[in-house]
Amino acid sequence: MTDAPIEEFFDLIEDVTVCMLTSRDGGELRSRPMGFDVDKSTHEFHLLTRKSSHKADELAAHPEVNLSFARPGRKEYVSVSGQAYLTTDKRLIDAVWFDDAESWFPGGKEDPDVAVIRVVPSSGEYWEGFNALQRRWNLIKAKQSGEEPRLGENRKVAL
């Protein structure tokens, strides 16, 4: 595993629209799908949420989170670890607001329950798998050589 440039890391999630946010719910880990926005200049991830949600309580008690992204058809997977902060900053709400958000927030951007989860990442990791032919070839080579198969690239990124 080698370190990778940050640009390469962000390119992998360029057109992904939903991630899985994992937080701690008491003694258990809990994941849920969420839309997100990323600020490449700060490396922060932003997710629209309700202040009254259970996840807001989870984040207040345990701010460590993981965001995971997947494009299984392309065999690309990304994981981000970091700290989550709940904010009602109007500029950030404006920045991440999308048309259909009013389905969750009937009062629009001014809804008293609207908030943003700011995820400040500490590290990232990604996996890029090989296509079916490369994968098969590497499995055959590994079987013949007795070595572990190489099925793709795995890299870490300091964020």
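Modeller: Here are your questions, with my answers after each one.

Modeller: This is a predicted model, so local features need pLDDT of at least 70, side-chain atom pairs count only at pLDDT 80 or more, and totals for chains, interfaces and linings use all residues. Residues are numbered from 1 along each chain as its sequence is written, and side-chain values use heavy atoms, with hydrogens and water left out.

Biologist: How many helices and strands are in the protein chain?

Modeller: Helices (H or I, at least four residues) and strands (E, at least two) are DSSP runs, numbered from the N terminus. Read from that end, the elements go β-α-β-β-β-β-α-β-β-α-β-α-β. The count is four helices and nine strands.

Biologist: What share of the residues in the protein chain is buried?

Modeller: Buried means under 20% relative accessible area, exposed over 50%, and partly exposed in between (1.4 Å probe, protein chains only). The protein chain has 159 residues, and the buried share is 38%.

Biologist: Which residues of the largest nonpolar core touch the most other members?

Modeller: A nonpolar core is a set of buried Ala, Val, Leu, Ile, Met, Phe, Trp, Tyr and Cys residues joined through side-chain atoms within 4.5 Å. Of the 22 residues in the largest one, those touching the most other members are Phe45, Leu47, Leu67, Phe69, Val78, Ile117 and Val119. The elements that give two or more residues to this core are H1 (6–11), S2 (18–25), S5, S6 (64–71), S7 (76–87) and S8 (114–129). Apart from it lies another core, of nine residues, including Leu48, Val96, Trp97 and Val114.

Biologist: Is valine 78 buried or exposed?

Modeller: Valine 78 is in strand S7. Contact means heavy atoms within 4.5 Å, and beyond its neighbours within four places in sequence, valine 78 is in contact with Phe9, Leu12, Ile13, Leu67, Ser68, Phe69, Glu125 and Tyr126. Its C-alpha is 6.5 Å from that of tryptophan 127, 49 residues apart along the chain. With a relative accessible area of 4%, valine 78 is buried.

Biologist: Which element gives the most to the lining of the largest pocket?

Modeller: On a 1 Å grid over the protein atoms alone, a pocket is an open set of points where a 1.4 Å probe fits, with protein on both sides within 12 Å along at least five of seven lines, and lining residues have an atom within 4 Å of a point. The largest pocket is lined by 14 residues, and Met34, Leu48, Thr49, Phe98 and Trp104 lie nearest its centre. Two elements give two or more residues to the lining, S3 (28–35) and S5 (44–50). With four residues, the one that gives the most is S5.

Biologist: What is the volume of the largest pocket?

Modeller: Grid points are joined across faces, edges and corners, and a volume is the space filled by probe spheres set on the points. For the largest pocket that comes to about 300 Å³.

Biologist: Where is threonine 17 found, and is it buried or exposed?

Modeller: Threonine 17 sits in the loop between H1 and S2. Leaving aside neighbours within four places in sequence, threonine 17 is in contact with Met34, Gly35 and Phe36. Its relative accessible area is 58%, so threonine 17 is exposed.

Biologist: What class does valine 38 fall into by accessibility?

Modeller: Valine 38 is in strand S4 (residues 37–39). Setting aside neighbours within four places in sequence, valine 38 is in contact with Phe10, Glu44 and Phe45. Its relative accessibility is 22%, so valine 38 counts as partly exposed.

Biologist: What is the phi of histidine 43?

Modeller: Most residues other than glycine have a negative phi. Histidine 43 lies in the loop between S4 and S5 and counts as buried at 17% relative accessibility. Its phi is positive, near 70°.

Biologist: And what is the phi of lysine 75?

Modeller: Lysine 75 is in the loop between S6 and S7. Lysine 75 is partly exposed, with a relative accessible area of 31%. Its phi is also a positive value, near 55°.
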